[in-house]
Amino acid sequence: MDTPTRNLGIYVKNKGINLTNMAKSTGIPYGSLYDSLLNSKRQRDLRLGEALAVCAFLGVDPMDFAEQEAVGGRWGK
C-alpha cells in the first residue's frame, strides 16, 4: 500500500470518520473507501482523484499525508 493511502487510513481510523457520510459526500463507493482506508486484508491504494476528494471532505492538505511516514500513528485521536 502506498504511503498517502496508509496515512489517510490511519487518520480516518483515529478520528472515527464515518465512511458512509464520506462516500455520499465524495461520490466514491463505500466499498472502495473501506478497502483503501480500513480493510487490512485488502490493500487497495486510493486513486489520485479519490485521495483529493477524501482530503477535501476531511478539510486537510493532501501533502500532509504524502510527505510523512505514520510512525506510531502521527494523527492521534
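Predicted model: local features only at pLDDT ≥ 70, side-chain atom pairs only at ≥ 80, totals over all residues.

The largest pocket has a volume of about 240 Å³. Two elements each give two or more residues to its lining, namely α1 (3–15) and α3 (30–37), and of the elements it is α1 that gives the most, with five residues. The residues that line the largest pocket are Met-1, Arg-6, Gly-9, Ile-10, Lys-13, Asn-14, Ser-36, Leu-37, Leu-38, Asn-39, Ser-40 and Gln-43. Sorted by class, this lining holds four nonpolar residues, six polar residues and two charged residues.

The second topic is the packing of α2 and α4. Helix α2 (residues 19–26) and helix α4 (residues 48–58) have axes that come within 10 Å and cross at roughly 115°, and the two helices are therefore roughly perpendicular to each other. The crossing in which α2 passes α4 is right-handed. On the α2 side the contact is made by Asn-21, Met-22, Ser-25 and Thr-26, which meet Ala-53, Val-54, Phe-57 and Leu-58 of α4. By class, the contact of α2 with α4 has five nonpolar and three polar residues, and no charged residues.

| Site | Nonpolar | Polar | Charged |
|---|---|---|---|
| Lining of the largest pocket | four residues | six residues | two residues |
| Contact of α2 with α4 | five residues | three residues | no residues |

How values were computed:
Residues numbered from 1 in each chain as written. Heavy atoms only, no water. 1 Å grid on protein atoms, 1.4 Å probe; cavity = no way out; pocket = protein on both sides within 12 Å on 5 of 7 lines; lining within 4 Å. Points joined across faces, edges and corners; volume = space filled by probe spheres on them. Helix = DSSP H or I, 4+ residues; strand = E, 2+ residues; numbered from the N terminus. Nonpolar A, V, L, I, M, F, W, Y, C, P; charged D, E, K, R; others polar. Axes fitted to C-alpha atoms, helices over the stretch in contact; angles between N-to-C directions. Parallel < 35°, antiparallel > 145°, perpendicular 65-115°, else oblique. Left-handed = near helix turned anticlockwise from the far one by under 90°. Contact = heavy atoms within 4.5 Å.
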